[in-house]
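This report looks at charged side chains that pair up in a protein model. The sequence and structure come first, followed by a description of selected pairs.

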Amino acid sequence: MEVSKREEEYLETMYILHKNKGVIRVKDIAKMMRVKPPSVVDALKKLSEKGLVEYEKYDRILLTDAGRDIAEATYSKHLLLTQFFIDILGIPPEIAEHDACQFEHYVSEITVQRIREFAQYIQEQCPYVLKQFIKEKLAENAESK
């Protein structure tokens with residue numbers, strides 16, 4: 001089944017809301033994604049037709065197993081990429097967060113796995129070099145402000 005980047009974003013948002021609040025509501029999705037509630041309702045209908053969410057108007061919203069699998073995979077990529085950008089590349093957290101949110105929808109699983117392996121390798125085998133690199137990048141970031 002084809003799931004668009006935007007649909008992944010909705011699923012990930014619902015996953016985060018459920019994880020943090022225990023409940024998924026249209027208004028919370030709208031607020032988090034910075035969209036209007038009618039846009040959320042349209043997306044929920046499409047996701048429901050694809051079997052990724054259970055949604056009835058004025059009723060609870062639930063991710064199906066398939067929807068949760070996609071959301072968890074997307075969120076996992078997001079966390080990995082954010083940490084990689086911050087810890088390995090020395091990107092400021094707010095930029096790393098934004099970039100990870102964009103990148104997570106386009107990167108393949110093999111690339112994610114290699115990033116994970118590379119981060120682990122560089123942290124274990126070259127910690128001094130990594131610390132020096134990050135120190136230089138943080139100094140550059142400070143100078144550019």
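Lys21 is partly exposed, with a relative accessible area of 48%. In this predicted model, the side chain of Lys21 meets that of Asp28 in a salt bridge, with 3.4 Å from N to O.

The model has nine salt bridges in total.

| Pair | N to O distance |
|---|---|
| Glu7 and Lys50 | 2.8 Å |
| Lys21 and Asp28 | 3.4 Å |
| Glu117 and Arg114 | 3.8 Å |

Glu7 and Lys50 form a salt bridge that connects distant parts of the chain, the two residues being 43 residues apart. Glu7 belongs to helix H1 (residues 5-21), while Lys50 sits in the loop between helix H3 (37-49) and strand S1 (53-55). Glu7 is buried, at a relative accessible area of 12%. Lys50 is partly exposed, at 31%.

Glu117 is partly exposed, with a relative accessible area of 39%. Arg114 has a relative accessibility of 52% and therefore counts as exposed, since the cut-off for exposed is over 50%.

Salt bridges can also join into a group. Lys5, Arg6 and Glu9 are linked in a network of them.

Definitions and conventions: Residues are numbered from 1 along each chain as its sequence is written. This is a predicted model: local features need pLDDT of at least 70, side-chain atom pairs count only at pLDDT 80 or more; totals for chains, interfaces and linings use all residues. Side-chain values use heavy atoms; hydrogens and water are left out. A salt bridge is a side-chain nitrogen of Lys or Arg within 4 Å of a carboxyl oxygen of Asp or Glu. Helices (H or I, at least four residues) and strands (E, at least two) are DSSP runs, numbered from the N terminus. Buried means under 20% relative accessible area, exposed over 50%, partly exposed in between (1.4 Å probe, protein chains only).
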